Amino acid sequence: MAIPKFEMPSGSINVLSTPTEFYETLKAKILAAKTRVFLATLYIGKSENELIETLKQALAKNPELQVYVLSDALRGTREAPAAPCSASLLAPLVEQFGSDRVHLQMYHTPALHGLRNKVIPKRFNEGWGLQHMKLYGFDDEIILSGANLSKDYFTNRQDRYILFKSGPLTNYYFRIHRAVAQLSYTVVPVSKEKTPVDNRPIGEKIKTFLVKKLVPKQPEPTFTLEWTQGVYFPDPINSPDQFIQKSTEILTPLLKSSTTFKTVKDRTEDCPTIVYPISQFSPLLQNKDTSTEFPVISRILSMLGSNSFNWTFTAGYFNIHPEYKAKLLRSSPPDATVITASPKANGFYLSKGVSGLLPDAYSLLASQFLAEVEKTQNERHHNSSIKLVEWEKGTVSTPGGWSFHAKGIWVSPPKSAKDQGAEVPLPCITVVGSSNYTRRSYVHDLESNALIVTRDPELQTQLKHEVDNLLKNTGKPMTLAQYEERKPTPVLKALTWILGEKL
């Protein structure tokens with residue numbers, strides 16, 4: 001498959017470990033940026049005033065700086081106009097610094113149009129697709145992550161974050177960012193005009209005053225979403241088919257390229273690491289197979305079945321795509337671990353309504369995977385080395401409690417004959433980014449990730465520490481007996497079927 005690749009020297013990739021390290025790095029890089037800051041995220045938390053202030057400081061101190069923010073129109077405006085949302089937090093930046101320096105776009109899925117766009121309530125409408133990429137770029141550096149920009153991701157929600165120091169690689173993801181922004185609505189602030197002098201008779205003024213007191217005041221909108229691409233550029237809500245035709249023309253050249261970039265000035269310098277950007281833009285492509293993430297990861301997982309590679313797989317919401325699951329089950333690794341969130345580390349734990357059932361539903365999906373591991377073991381008449389462990393650090397939404405949102409794959413080479421009895425070799429492959437590896441990721445959402453292949457001992461050690469950091473909050477491997485003690489109800493089984501088959 002023709003995809004771009006970037007050759008990277010030693011020292012150009014840093015693995016971050018904690019939410020605090022991610023947040024402090026994010027703010028420091030924004031403040032140090034000279035020419036551009038570009039952020040792609042699902043949403044910005046409604047209380048992230050410090051992050052907005054950081055962007056404001058960076059713009060104020062550097063007149064040459066351009067800021068580009070891409071988020072999702074459904075998730076990023078959900079609370080409006082009654083409460084702050086991503087759009088209302090960001091719009092004042094445009095008012096203060098101008099639309100020529102601050103560029104705010106929100107993606108709206110073309111799958112949600114016509115009558116369904118009018119009648120489906122907020123929160124439920126997000127099931128039709130979201131802008132899910134997590135790209136955080138500053139000049140010639142970029143952080144790829146699965147984390148959104150909100151308080152929990154900065155304090156007590158474990159994710160992954162890898163910093164790349166490379167102008168060519170950052171430029172590539174910037175082109176991805178701007179291409180999707182070109183296919184999105186623009187956030188336009190609503191100007192607050194001065195109240196004109198009221199010269200009406202005193203009786204009329206009293207009447208107006210009483211009406212305002214008796215009738216609940218509706219919040220005034222602070223922004224609008226406008227299609228600024230012109231009448232000849234189809235929009236996703238009114239002309240979804242034509243919009244997808246246009247988006248295919250824009251995105252396909254970015255995804256399909258065999259160009260090799262060497263990210264050093266001295267072409268003879270050794271580059272022990274190769275980074276392959278892989279993205280999933282199925283909702284925007286006429287030919288869904290044009291996307292690069294699914295086929296690339298499928299090929300990696302197929303490799304596991306034909307060789308004795310060691311691997312670790314994790315997803316915050318364990319609902320692995322059936323094809324991926326089948327490939328993992330066919331592998332015969334000397335050492336393999338699946339990390340999933342304990343129900344108490346799931347962000348939906350104890351939430352109200354149907355969403356409160358989700359932690360147990362994901363737990364049931366994990367138990368079904370473990371049952372398939374044991375079934376495969378019995379059919380092959382050998383002891384499987386695939387272990388499933390749950391990540392837990394306190395109880396989410398309680399003091400000291402964390403949630404788990406990390407997702408990724410790490411692959412280590414097989415032990416050589418002389419290595420028998422030694423520790424598992426260091427990882428040489430990893431995948432990092434926004435994807436949850438579910439059906440939804442490959443059908444409804446926009447995802448952007450990176451495949452890293454390395455023989456750099458320093459980077460391999462960082463990747464090993466990353467896995468160890470996740471494993472330190474896991475217990476002993478789970479058993480089917482432990483899952484059976486959770487006693488799933490018929491309602492939970494039905495919800496789990498929906499998750500497994502549809503999302």
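Predicted model: local features only at pLDDT ≥ 70, side-chain atom pairs only at ≥ 80, totals over all residues.
Visitor: Why is Asn436 called buried?

Guide: The relative accessible area of Asn436 is 10%. Buried means under 20%. Asn436 is therefore buried.

Visitor: What makes the pairing of the Asn436 and Lys407 side chains a polar contact?

Guide: The distance is 3.1 Å. The cut-off is within 3.5 Å for a pair of N or O atoms. Asn436 itself sits in the loop between strand 19 (429–433) and helix 12 (439–443).

Visitor: Why does His405 count as buried?

Guide: Its relative accessibility is 3%. The limit is under 20%, so His405 counts as buried. His405 lies in the loop between strand 17 (403–404) and strand 18 (408–412).

Visitor: What polar contact does the side chain of His405 make with another side chain?

Guide: The partner is the side chain of Tyr153, at 3.5 Å. A polar atom of the His405 side chain also lies 3.3 Å from the backbone oxygen of Gly146. Beyond four places in sequence, the contacts of His405 include Arg157, Gln158 and Asp159.

Visitor: How do you know that Val491 is exposed?

Guide: Val491 has a relative accessible area of 55%. Exposed means over 50%, so Val491 is exposed. Val491 belongs to helix 15 (residues 490–502).

Visitor: Which residues make a nonpolar surface patch with Val491?

Guide: Val354 and Leu357 do, and the patch covers about 260 Å².

Terms used: Residues numbered from 1 in each chain as written. Heavy atoms only, no water. Helix = DSSP H or I, 4+ residues; strand = E, 2+ residues; numbered from the N terminus. Buried < 20%, exposed > 50% of the residue type's maximum accessible area, 1.4 Å probe, protein only. Polar contact = N/O pair within 3.5 Å; in protein donor to acceptor, adjacent residues only side chain to side chain. Contact = heavy atoms within 4.5 Å. Patch = residues over 30% accessible without salt bridge, like charges linked within 9 Å, V, L, I, M, F, W, Y side chains within 5 Å. Areas by Shrake-Rupley, 256 points an atom, 1.4 Å probe, with all protein chains shown as cover. Salt bridge = Lys/Arg side-chain N within 4 Å of Asp/Glu carboxyl O.
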